[in-house]
Amino acid sequence: MKINRSGSAAWSGGLKDGKGTISTQSGALDAYPYGFATRFEGMPGSNPEELIAAAHASCFTMALSLILGEAGLTAEKMEPSAVVTLEQQEGGFAITASKLTLKAKIPGADDATFQELAAKAKAGCPVSKLLKADISLDAELLA
């Protein structure tokens with residue numbers, strides 16, 4: 001099976017004064033603004049790093065849901081998040097890390113099994129495989 005998904009961007013102007021928009025195939029984002037200020041100065045709008053973080057968190061959770069099912073477990077609730085780090089390095093900027101955090105309630109799971117399955121999902125999720133950054137996981141099984 002091969003699935004293609006698409007996103008697009010438009011840009012006009014220079015780096016600091018320019019303005020851009022991003023759109024997704026699904027329409028979830030439709031000409032949503034981004035630019036230098038939204039990426040580097042904390043202004044409202046989106047940026048590539050937050051989109052990667054959302055993609056990583058959602059992909060990881062779907063992978064974990066599959067792995068839990070294979071182990072005969074079903075999550076009552078999972079709340080994942082990811083923090084993607086953009087750092088200036090010699091020669092430019094690089095995404096250097098993605099830190100996944102998960103709080104989950106999974107009836108019948110003990111912490112050792114949960115940690116093992118979560119680590120397997122972190123390593124196996126397609127977005128983790130795409131990123132060449134340090135990927136960490138802080139997973140907490142809620143009672």
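# A first look around the model

Visitor: Hi! How many residues does the protein have, and what share of them count as buried?
Guide: Welcome! The protein has 143 residues, and 31% of them count as buried. Keep in mind that this is a predicted model.

Visitor: Okay. How many helices and strands are there?
Guide: There are 4 helices and 6 strands. Starting from the N terminus, the order of the elements is β-β-β-α-α-β-β-α-α-β.

Visitor: And what box do the C-alpha atoms fill?
Guide: Along the principal axes, the box is roughly 55 × 35 × 30 Å.

Visitor: What share of the contacts links residues 24 or more positions apart?
Guide: Such pairs make up 51% of the contacts in the protein, counting contacts with a separation of 6 or more.

Visitor: Let's go inside. Which residues touch the most other members of the largest nonpolar core?
Guide: Those are Phe60, Leu64, Leu68, Leu102 and Ile106, out of 26 residues in that core.

Visitor: Which elements give two or more residues to this core?
Guide: They are α2 (48-70), β4 (77-89), β5 (92-105), α3 (111-124) and β6 (134-141). The largest share comes from α2, with 8 residues.

Visitor: Pick Leu102 for me. What is Leu102 in contact with, leaving aside neighbours within four places in sequence?
Guide: Leu102 is in contact with Phe60 and Leu64, and also with Met78, Glu79, Pro80, Phe114, Asp138, Ala139 and Glu140.

Visitor: New topic: how many disulfides does a search of the whole structure find?
Guide: The search finds 0 disulfides.

Visitor: Now pockets, please. What is the volume of the largest pocket?
Guide: The largest pocket has about 250 Å³.

Visitor: Which residues line the largest pocket?
Guide: Cys59 turns up again here, along with Ile52, Ala55, Ser58, Met62, Ala63, Pro126, Val127, Leu130 and Leu131. By class, this lining has 9 nonpolar residues, 1 polar residue and no charged ones.

Visitor: Which elements each supply at least two residues of that lining?
Guide: They are α2 and α4 (126-130). The largest share is from α2, which supplies 6 residues.

Visitor: How much space lies in the second largest pocket?
Guide: About 150 Å³. Its lining is made of Arg5, Ser6, Gly7, Thr24, Gln25 and Ser26.

Visitor: How do the residues of that lining divide by class?
Guide: This lining has 5 polar residues, 1 charged residue and no nonpolar ones.

Visitor: Last stop: where does Ala143 lie?
Guide: Ala143 lies in the segment after β6.

Visitor: Is Ala143 buried or exposed?
Guide: Ala143 is exposed, because its relative accessibility is 95%.

Visitor: And how far apart are Ala143 and Ile3?
Guide: In sequence, Ala143 and Ile3 are 140 residues apart, while in space they are 37 Å apart, C-alpha to C-alpha.

Note on methods. Residues are numbered from 1 along each chain as its sequence is written. This is a predicted model: local features need pLDDT of at least 70, side-chain atom pairs count only at pLDDT 80 or more; totals for chains, interfaces and linings use all residues. Side-chain values use heavy atoms; hydrogens and water are left out. A disulfide is a pair of cysteine sulfur atoms within 2.5 Å. A nonpolar core is a set of buried Ala, Val, Leu, Ile, Met, Phe, Trp, Tyr and Cys residues joined through side-chain atoms within 4.5 Å. Buried means under 20% relative accessible area, exposed over 50%, partly exposed in between (1.4 Å probe, protein chains only). Contact means heavy atoms within 4.5 Å. On a 1 Å grid over the protein atoms alone, a cavity is a set of points where a 1.4 Å probe fits but cannot get out, and a pocket is an open set with protein on both sides within 12 Å along at least five of seven lines; lining residues have an atom within 4 Å of a point. Grid points are joined across faces, edges and corners, and a volume is the space filled by probe spheres set on the points. Ala, Val, Leu, Ile, Met, Phe, Trp, Tyr, Cys and Pro count as nonpolar, Asp, Glu, Lys and Arg as charged, and the others, Gly among them, as polar.
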